[in-house]
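Keep the sequence and the 3D view side by side as you read.

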Amino acid sequence: MLSKEATTPGWAQRRGTSSSSSAAARGGSGGGPTVVAIAQRWQHSGAAVAVASPRQAVYQVVVVTGDVRGAGSAAPAVVTLVGSEGESEPYLIGDTGEDRGFERATRKTYAFSSRWLGELQRVHVQQLPSASDGGGVGWYLDRIEVAGPEGEHWDFPCSAWLGKSNSPSGLDGDHERNLAPAVMRSSLHSMREPSYNLLGAPLHPEVSAVALPHPEKAAKGEKGLNRQGFGYGGEDAYFSCSNRNGITALGVADGVYSWREQGIDAGQFSRRLMEFARHSVDLGTTDVLRVLQFAAKRLRLEGILGSSTACIVLIDQLQGRLAAANLGDSGFLVIGRRRGEGGRVASGAASGRRRQLAIKYRSPQQEHSFGYPYQLGHFQGADLPEDAMLTTMPISPGDLVLLGSDGLWDNVSEDELLDEVERDIVEGVKPSVIAQRLAFLAFSNSLDKDKQTPYSEGASEAFDMVYHGGKADDITIVCAVMH
């Protein structure tokens, strides 16, 4: 027994205690040996093993299979919880007896014993092939709900196929996905509300972008490149594209200028990062973390030097959902019509009238300290794609999604930004005009030595001094309006 346990991977031993609200799941033969054989290969390739901790916890994990044709699957799955304090062991579910597989429109509850994980940041779920179906049957996972040991609750929406779709829609999916926690705010429609209809008319994002180089670079004749779907200015870069799975992707990256002092093209890293991210989406990827992981891996394989922040947003046109991975001090926000008082509304338009728009969500910055953001890079100690903050939320027609490098966020306050966007919406201008106006507003503020800006406020707080003025920098903006 000891010898067998020494060679069997941890998750093949770890099974959550299961209960189900469905009828008995379908049986099947021969699934066990297949699972163990694959598990051994994964263990050798670095499967996670929980680190012993004096603080233990039990997580109640509810797996909800969707109510669409062919949603169920006889294949088991592996679930891993990832939190701010570490990650659980991978847990094997749906593999034995009455618990085998997942039936359409059912909820199955599992108790995961684990070290305490802190705030949950994502759930990794992977469908395993089943000997009974040849590994070809897909599973339509609606969501995973997790209840923590101290009364916490997280929702991780999926509403997508894992594996080969059994429906006539033809929308197949990857066998594994990273699920981000849903943003729960009164300013956002809940994904469980009757009005949130996954089968409604698809969204049609209208996208435009602009990149401006640092004023000093512009003075030397350096120009930005702005094309449909890709561009850059200085060390900033961006991309946008759509794929066959109904995904519109947006991205911004901000390379670190100081690598120039070591003879490294500081802009190449961010440009290639965006190109590789776009390539991943073009291949059909629908998982935002996997897009970032793919791009980072390609950078390593090609030996590209430098470092960069990154913000990638995937908009699911069919389901009306946004998923984002943000690493560093680039970021995004969602602006929409006011819904009650839940949205964060700045102090008011210059005219004093009540604003019609509100900020539904803004991504927090990730910084090790002031001026030192998280960043991907070639050097030891660089941050990893898995360090990115993952977010998912519903999105509606009329919403505006804005991505920007820190050249925007450091120089334009939320008040100014909402004033400009609302003025543009009233005028009926296109996203290209909104992006250009915001970019030139940021550019103007960055040169104003007396301006009170987000950067001056942050510097005053960080250095315990009174600081005024903007921050001259590359400025990149991607603007998408939902129709």
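In which strand is Ala 57 found? Ala 57 belongs to strand 2 (residues 56-65); helices here are DSSP runs of H or I with at least four residues, strands are runs of E with at least two, and both are numbered from the N terminus. Before going further, please note that this is a predicted model, in which local features need pLDDT of at least 70 and side-chain atom pairs count only at pLDDT 80 or more, while totals for chains, interfaces and linings use all residues. Residues are numbered from 1 along each chain as its sequence is written, and side-chain values use heavy atoms, with hydrogens and water left out.

Back to Ala 57. With 7% relative accessibility, Ala 57 counts as buried (buried means under 20% relative accessible area, exposed over 50%, and partly exposed in between, with a 1.4 Å probe and protein chains only). Leaving aside residues up to four places away in sequence, Ala 57 touches Phe 112, Ser 113, Ser 114, Arg 115, Trp 116 and Pro 149, where contact means heavy atoms within 4.5 Å. Ser 113 is 56 residues away from Ala 57 along the chain, yet their C-alpha atoms are separated by 5.9 Å.

Now for the chain as a whole. It has 10 helices and 25 strands, and buried residues make up 53% of its 483 residues. Of the contacts between residues at least 6 apart in sequence, 73% join residues at least 24 apart.

Let's turn to the helix pairs. Helix 5 (residues 266-282) packs against helix 6 (residues 288-301) at an angle of about 130°, and their axes are 8 Å apart. Axes are lines fitted to C-alpha atoms, for helices over the stretch in contact, and angles run from 0 to 180 degrees between N-to-C directions. Helix 5 and helix 6 are therefore oblique to each other; angles under 35 degrees count as roughly parallel, over 145 as roughly antiparallel, 65 to 115 as roughly perpendicular and the rest as oblique. Helix 5 passes helix 6 in a right-handed crossing (the near helix is turned from the far one by less than a right angle, clockwise for right-handed and anticlockwise for left-handed). Among the residues that meet are Phe 269, Leu 273 and Phe 276 from helix 5, with Val 291, Phe 294 and Leu 299 from helix 6. The residues of this contact divide into nine nonpolar, two polar and three charged; Ala, Val, Leu, Ile, Met, Phe, Trp, Tyr, Cys and Pro count as nonpolar, Asp, Glu, Lys and Arg as charged, and the others, Gly among them, as polar.

Helix 8 (residues 414-427) and helix 9 (residues 431-446) cross at roughly 150°, and their axes come within 10 Å. That makes helix 8 roughly antiparallel to helix 9, and their crossing is right-handed. The contact includes Glu 416, Glu 420 and Ile 425 of helix 8, along with Ile 434, Arg 437 and Leu 441 of helix 9. Here the residues divide into six nonpolar, one polar and five charged.

Aromatic rings come next. The structure holds nine aromatic pairs: rings of Phe, Tyr and Trp (its six-membered ring) pair if their centres lie within 6.5 Å, and planes under 30 degrees apart count as stacked, over 60 as edge-to-face and the rest as tilted. The rings of Phe 332 and Tyr 361 have centres 5.6 Å apart and planes at 35°, so this pair is tilted. Phe 332 lies in strand 18 (residues 331-337) and Tyr 361 in strand 19 (residues 357-362), so the pair ties together parts 29 residues apart in sequence. Both Phe 332 and Tyr 361 are buried. Phe 370 and Phe 463 make an edge-to-face pair, 5.5 Å centre to centre with 90° between the planes. Ring pairs also link Phe 370, Tyr 455, Phe 463 and Tyr 467 into a cluster.

One last stop is the backbone. Most residues other than glycine have a negative phi. Asp 464, in the loop between helix 10 and strand 25 (475-482), has a positive phi of about 50° although it is not a glycine. Asp 464 is exposed, with a relative accessible area of 73%.
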